[in-house]
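Here is a short briefing to read with the model open beside you. Take it one topic at a time and find each residue as you go.

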Amino acid sequence: MPRHLPGLLLLLWPLLLLPPPPAAPSPMARPGLRRLGTRGPGGSPGRRGPAPAAPASVPYSGTGQPGGARGAGVCKSRPLDLVFIIDSSRSVRPLEFTKVKTFVSKIIDTLDIGPMDTRVAVVNYASTVKIEFHLQTHSDKQSLKRAVARITPLSTGTMSGLAIQTAMDEAFTVEAGARGPSSNIPKVAIIVTDGRPQDQVNEVAARARASGIELYAVGVDRADMESLKMMASEPLDEHVFYVETYGVIEKLSSRFQETFCALDPCALGTHQCQHVCISDGEGRHHCECSQGYSLNADKKTCSAIDKCALNTHGCEHICVNDRTGSYHCECYEGYTLNEDRKTCSAQDQCALGTHGCQHICVNDRAGSHHCECYEGYTLNEDKKTCSVLNQCALGSHGCQHICVYDGNASYHCDCDTGYTLNEDKKTCSAIEEARRLISTEDACACEATLAFQDKVNSYLQRLNSKHILFGRISASA
């Protein structure tokens with residue numbers, strides 16, 4: 001193919017030297033799981049333990065160069081099955097082909113190479129196609145770069161469609177080292193060409209994309225832009241690249257570094273998680289909460305969990321939630337909290353004097369107590385105070401002779417036989433004495449009665465004397 005150097009090259013040269021804008025990461029990636037206990041903005045430390053400090057002094061520039069905050073933990077290349085499809089037709093001069101190999105090596109430098117990380121294969125094509133090495137051939141970066149350096153150009157012709165078909169049929173197979181669908185490892189192909197394809201690429205590229213291969217097309221010099229678009233995946237502005245000469249193709253390596261790099265929001269501190277940021281790979285993350293908290297509906301902030309309601313607290317008696325999302329244990333009345341801060345022991349409230357009983361405190365086996373009353377008293381409804389039940393039994397009634405209990409805590413006094421209750425309703429006086437007192441006090445009123453009594457008494461005495469005398473005579477006879 002004839003060589004052509006556009007007159008605009010000198011005008012475009014400064015633009016070509018500018019770092020390209022960052023490309024969005026591809027959605028095809030295997031989710032990893034790298035956990036960082038980083039502190040959310042304004043949040044509390046997570047429970048994951050000490051986290052590697054994220055670069056804080058240099059802002060992310062998006063260039064992938066030193067000074068762009070691309071430190072460890074911020075950017076990690078996604079695991080890929082990556083196949084380079086490089087045009088080595090006669091139009092690509094030896095020095096230019098060396099530039100292509102340098103471009104490939106520089107991209108390899110930005111990747112994490114290994115059996116569990118990115119695997120690389122190279123398909124070399126012109127009018128024929130040659131697989132230089134398969135995905136499983138090299139498992140370290142140095143041997144991979146040495147293999148790239150040994151690649152030599154083929155011949156005339158630009159069979160781009162055949163090269164894509166070969167990559168699909170032979171390079172992206174499990175036998176050749178590609179990982180199966182269950183691994184969720186992206187299959188990516190980068191085709192580099194400087195001419196127009198001499199075969200049909202539209203259908204074969206469509207089949208490749210349909211099989212899950214993500215196609216990037218890099219055109220150099222007189223490469224046909226429409227052909228590049230037919231080969232590349234959507235969106236085209238992220239999968240089609242063009243440079244004027246092979247001399248500047250190396251500049252695209254930083255662009256692919258950004259494409260294959262998964263930024264870590266947890267390390268960058270842009271995650272907005274209140275407690276813990278968890279990096280899931282591919283630049284994705286999710287938030288979690290510290291122990292005792294649950295994630296809110298916004299998937300970023302946290303609220304305290306009611307551990308008492310969860311019934312996982314271990315408190316023997318009472319669980320009390322604290323405002324901090326934690327809890328503490330308490331005991332029922334009559335118990336004290338043990339040193340383990342969970343179990344309880346019965347305390348002797350009667351001995352402590354905190355029982356409130358008016359009369360008697362009785363300890364129960366359950367660590368509780370109850371109140372009782374002295375004899376003659378009854379326990380009131382408050383179960384603590386007492387009321388008099390039978391004052392007669394108490395001996396505090398004041399009755400001189402007899403106390404009679406009337407029920408309902410009342411009583412009255414009574415007197416022994418031959419006595420009568422005085423006006424004070426407590427003391428008693430003899431009945432004869434009462435009569436004497438009445439006669440003395442009212443002599444005038446009783447004078448006739450007394451005279452009659454005297455006559456009766458005199459008569460009785462005479463009869464009694466005669467009865468005695470008669471008895472004596474009878475006895476002597």
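This is a predicted model: local features need pLDDT of at least 70, side-chain atom pairs count only at pLDDT 80 or more; totals for chains, interfaces and linings use all residues.

Residues are numbered from 1 along each chain as its sequence is written, and side-chain values use heavy atoms, with hydrogens and water left out.

**The chain as a whole**

- The secondary structure comes to 14 helices and 25 strands; helices (H or I, at least four residues) and strands (E, at least two) are DSSP runs, numbered from the N terminus.
- Of the 477 residues, 38% count as buried, where buried means under 20% relative accessible area, exposed over 50% and partly exposed in between (1.4 Å probe, protein chains only).
- Contact means heavy atoms within 4.5 Å; among contacts between residues at least 6 apart in sequence, 57% join residues at least 24 apart.

- The buried residues of H2 are Glu96, Phe97, Val100, Lys101, Phe103, Val104, Ser105, Ile107 and Ile108.
- These buried residues pack against strands E3 (81-87), E4 (119-125) and E6 (187-193), and also against helices H3 (141-149) and H8 (252-260).

**Where H2 meets H8**

- H2 and H8 pack at an angle of about 30°, with their axes 9 Å apart; axes are lines fitted to C-alpha atoms, for helices over the stretch in contact, and angles run from 0 to 180 degrees between N-to-C directions.
- Phe103, Lys106 and Ile107 of H2 make the contact with Leu252, Ser253, Phe256 and Phe260 of H8.
- Serine 253, in helix H8, counts as buried because its relative accessible area is 9%.
- Leaving aside neighbours within four places in sequence, serine 253 is in contact with Phe103, Lys106 and Ile107.

**Salt bridges**

- Side chains of opposite charge can pair when their charged atoms come close.
- The whole structure holds 6 salt bridges, each a side-chain nitrogen of Lys or Arg within 4 Å of a carboxyl oxygen of Asp or Glu.
- Arginine 179 pairs with aspartate 81, their closest N and O atoms being 2.8 Å apart.
- This pair links distant parts of the chain, 98 residues apart: arginine 179 is in the loop between helix H4 (160-171) and E6, and aspartate 81 is in strand E3.
- Both partners are buried, arginine 179 at 10% relative accessibility and aspartate 81 at 0%.
- Aspartate 109 bridges to lysine 145, with 2.9 Å between the closest N and O atoms, and joins helix H2 to helix H3 across 36 residues.
- Here both partners are partly exposed, aspartate 109 at 37% and lysine 145 at 24%.
- Lysine 130 and glutamate 132 meet in a salt bridge at 3.7 Å, N to O; lysine 130 is partly exposed at 41%, and glutamate 132 is partly exposed at 21%.
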